[in-house]
Amino acid sequence: MNLLSSLFRRLLRMATVVLLVIVGSIVLVRFAPGYLSDAREMDARYAEGARNELATEAARSGSVGGMLWSEVRGLLRRDLGVSRQYEVPVVELVRPCLAVTVGLLLKSMMLAWIIAGCTATISNWGRSPVSLPGRLCHLTSTVLLAVPIGAMATMCLLADSGGPLLVLTTLLAARDFKFLDRMLRKAWNDPHLLHARAQGVSTPELIRVHLLPGIMPQLGSLATLSILTALGAMVPVEVIFSTPGIGQLAWNAAMNRDLPVLLAVTVMMAIAVTASGFGTGSRPATEWQTA
Amino acid sequence: MHTLHLTKVFAILLCTAVVAQVASPQAAPRLPGELAWTIGYDPKSFDPAKVDEEESEHVRYLTAGVLLRFNRYSQQVETQLAKSWSLSPDRMTITFVLRPGLAFSDGSRLTANDAAWSIRRVLLPATAAPVAEEFVEPAGVTVATPNDHTVVVHLPKPVVGIGKVFDEIAIEPAGRPSEGRITSGPYFVADYHRSQYIRLRRNEHFQGREGDRLALASANSIRLDVLDNAEKEIRLFQREEYDVINGLAPDYYGLLKQKSPSSVRDLGPSLNTEQIWFNQAAASPIPAWEKTWFQSQAFRVAISQTINRADLARVAYEGHATPAYNFISPANVAWYNHSVSTPHFDVAAAKAGLAHAGFRMNAGHLEDAAGHAVAFSILTNSGNAARMKMATLIQQDLAALGIRVTVVALDFPALIERLMHTQDYEACLLGISNADPDPNAAMNLWLSSSPNHQWNPSEKTPATPWEAEIDRAMQQQATSPTEAGRKRAIDRVQQIVADQQPFIYLVYPNALYAVSPKLENVKAAVLNPGVVWNVESLHLQGAR
């Protein structure tokens with residue numbers, strides 16, 4: 001019963017966030033300068049057609065309330081509308097981009113976790129609390145986190161080396177390392193682990209039985225943080241590298257005041273962000289003592 | 001302890017392997033003998049009748065078979081699917097005779113019926129084809145097919161440059177429009193991955209102008225990557241991933257020239273112009289005294305005389321632009337008027353002109369007769385480095401007259417809203433891309449009643465006598481039965497524009513291209529699509 005009510009509360013929160021995102025997007029884009037303009041108006045050959053399309057859009061977007069109702073009704077019918085820029089259903093635009101972005105995010109998160117896990121392991125294995133490898137790992141991750149993501153991507157582009165995967169992985173690995181290292185350092189020096197180590201318990205068993213159960217809830221939170229970080233970095237990275245993903249689609253939609261596309265992308269992002277929090281906090285934390 | 005050590009080694013190796021994997025650069029796949037270049041965005045439509053933006057037009061050029069082709073190099077109309085064509089003495093009947101043995105890319109026969117159907121389709125209001133407007137009265141046009149290889153088009157009234165209009169009408173299979181999948185042109189759309197690339201395959205049934213089969217000369221396929229990133233485009237060109245860069249930016253021209261001098265081409269002035277103009281619209285929400293300045297011929301001429309165009313070309317375009325004083329570029333050999341007298345760079349004359357018009361200097365600032373300090377902002381679009389540099393240089397030039405100028409860069413939608421809808425701006429610096437050398441294509445720009453008459457759009461009646469004269473001259477060129485008559489009218493418009501300076505022309509950006517040294521049969525043209533206008537003859541060395 002508790003689980004059901006918790007789930008209901010979370011779904012309600014998600015619906016509220018999505019609704020607020022829709023309202024916010026509509027208001028911001030509808031009242032952005034240039035909403036009812038089209039670059040083709042400047043081209044004598046295509047100006048007439050562009051003006052006709054704008055007249056239709058002006059009639060459609062007369063009131064924000066009407067637009068909101070139309071978008072919500074469309075979403076409830078799983079109809080994302082038609083792109084203003086390309087005049088094709090938004091679903092057709094989003095589907096291939098989504099595949100590219102999800103692939104990129106999953107790959108970069110997986111690789112980042114492997115790198116962060118390895119470096120945190122290396123960093124924690126010295127006998128002294130602050131070993132040389134640990135210092136080096138910390139210094140590297142601090143430097144990487146200090147570099148803005150756009151600058152990192154531009155450097156890769158100028159150096160003609162690496163790509164979006166490298167940039168996203170580096171960012172996520174640096175951030176994940178900071179948390180994982182702290183988490184492992186604390187857990188590794190917990191009394192029960194010290195006791196187990198002193199008793200000569202093998203390393204795999206030590207990790208499986210004594211370490212992991214204790215840090216699982218924190219790892220869940222870290223995974224959520226990874227997703228949020230990756231989503232935040234997605235737009236600049238995809239735009240700089242011209243990756244045909246959701247980030248670039250959103251950027252182009254914003255530049256062209258393509259409300260249906262922008263709305264679809266922001267709603268998806270809102271759902272992804274709120275859903276990523278589902279995994280954390282819904283389960284009681286496992287206390288290390290129970291391990 | 002041994003296990004611990006092994007785990008540590010494993011962690012280091014795994015970490016190294018992962019970093020190496022993600023750091024490897026990614027390259028797009030390329031088929032053997034395939035030509036590749038980029039387009040800036042996804043074409044809105046592959047339907048050749050519905051083309052209403054540049055990238056769709058680019059794909060149409062590569063895929064469409066047309067009765068007549070406007071040769072981008074010689075700037076003459078030539079036959080393509082038609083073996084011959086003729087225009088009646090009253091210029092109202094056009095007769096096309098098709099080549100024998102024509103076929104579509106799927107192997108089906110191409111007859112006069114297909115050509116007639118394609119022409120009728122673009123004329124239908126339901127199709128909403130932009131090219132229909134070029135027939136002036138599309139509803140009155142009739143198309144007949146007296147036999148399998150003849151098409152006769154009757155016009156309700158003569159249309160200037162009618163031959164060129166057929167360059168935009170793709171001949172498709174009657175009743176089977178296929179959005180570029182079945183074409184009568186050199187290529188057809190084989191594969192499209194939105195936001196990634198379009199792959200065009202060679203149409204084995206296409207006949208060149210000489211009736212030769214295309215297979216002997218052209219590339220098997222073309223890949224058009226959707227990429228709006230000049231930096232990345234240059235990198236991939238250098239890695240031989242791309243064969244052509246159309247419209248190379250001046251700063252990248254120098255970069256490429258250093259590394260591979262044979263890969264860059266500067267064809268001299270293009271047909272495009274960069275210009276600045278003042279808002280003269282009576283209804284615009286700017287102060288009345290500013291309108292008075294902008295409507296003053298002396299003021300506009302003085303500004304024109306103060307702008308050092310040679311500096312603009314040298315600094316903003318790194319020397320790859322030509323100072324401009326006329327709306328027709330010298331590259332447009334047929335229409336450029338060499339004898340137009342224009343106000344050239346002369347700051348002293350500008351100061352004298354302003355003094356004569358009632359402006360005066362006060363503590364280093366220019367003031368009008370009522371004591372208002374002369375200051376205005378120049379709008380331009382953000383993201384165009386050359387325009388920003390030009391605006392800054394103009395700001396410095398005008399400081400010599402005591403005029404304070406502010407440069408404002410807006411993104412394109414916001415800029416267009418100001419120009420076309422609210423008219424809330426003082427001056428604007430933008431460019432015009434002239435895809436068609438015939439000045440009739442710019443009719444909408446010059447007619448005072450047109451919404452594209454930028455300095456004062458949609459005038460109910462011409463606001464000034466010289467605008468009325470431009471209207472008359474433009475109508476005259478559109479109806480004149482002779483080319484000489486048309487030329488006289490256009491020459492007159494050039495002189496009026498030079499005298500009145502409604503647009504202060506700044507530079508003609510040069511046509512810059514990058515072409516792979518491996519590409520053969522290149523004859524780059526200033527007109528779009530530039531290097532690839534003769535795509536049916538282009539191929540990579542050793543790829544045949």
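Seven residues of domain 1 of chain B are in contact with 13 residues of domain 2 of chain B, contact meaning heavy atoms within 4.5 Å. The model is a predicted one, in which local features need pLDDT of at least 70 and side-chain atom pairs count only at pLDDT 80 or more, whereas totals for chains, interfaces and linings use all residues. Residues are numbered from 1 along each chain as its sequence is written, chains are lettered from A and ligands numbered from 1 in the order in which they are written, and side-chain values use heavy atoms, with hydrogens and water left out.

The two domains of chain B comprise residues 35–243 + 516–540 for domain 1 and 273–510 for domain 2, the bounds coming from an automatic or database domain assignment. Their C-alpha centres lie 35 Å apart, and together they bury about 800 Å², 50% of it on carbon and sulfur atoms; buried area is the accessible area (1.4 Å probe) that two parts lose on being put together, summed over both. Within domain 1 of chain B, the residues that lose the most area to domain 2 of chain B are B:Arg91, B:Val160 and B:Lys164, which together account for 53% of what that side buries.

In chain A, the assignment gives domain 1 (22–76) and domain 2 (96–290), and the contact takes 11 residues from domain 1 of chain A and six residues from domain 2 of chain A. The centres of these domains, taken over C-alpha atoms, are separated by 38 Å, and the area buried between them is about 800 Å², with 76% of it on carbon and sulfur atoms.

Between the chains, the contact takes 55 residues from chain A and 51 residues from chain B. Chain A and chain B bury about 4400 Å² between them, of which 61% is on carbon and sulfur atoms. On the side of chain A, 15% of the area buried against chain B is supplied by A:Met42, A:Arg45 and A:Tyr86, more than by any other three residues.

Helix α9 of chain A (residues 203–241) spans only 42 Å between its end C-alpha atoms, whereas a straight helix of 39 residues would span 57 Å at 1.5 Å a residue, the expected span being 1.5 Å times one less than the number of residues. Helices (H or I, at least four residues) and strands (E, at least two) are DSSP runs, numbered from the N terminus. A kink of about 55 degrees lies at A:Leu212 in this helix, shortly before the proline A:Pro213, where the bend is the angle between axes fitted to the seven residues ending at a residue and the seven starting there. Just after α9(A), A:Ser242 takes a positive phi of about 55 degrees.

A:Ile240, also in helix α9 of chain A, is buried at a relative accessible area of 19%, the classes being buried under 20%, exposed over 50% and partly exposed in between (1.4 Å probe, protein chains only). Not counting residues up to four places away in sequence, A:Ile240 touches A:Gly150, A:Ala153, A:Thr154, A:Leu157 and, in the other chain, B:Asn229. A:Ile240 and A:Ala153 are 87 residues apart in sequence, yet 6.6 Å apart in space from C-alpha to C-alpha.

In chain B, B:Ser329 lies in the loop between β14 (321–323) and α10 (347–356) and counts as buried, at 2% relative accessibility. Leaving aside neighbours within four places in sequence, B:Ser329 is in contact with B:Pro269, B:Ser270, B:Leu271, B:Tyr336 and B:Tyr508.
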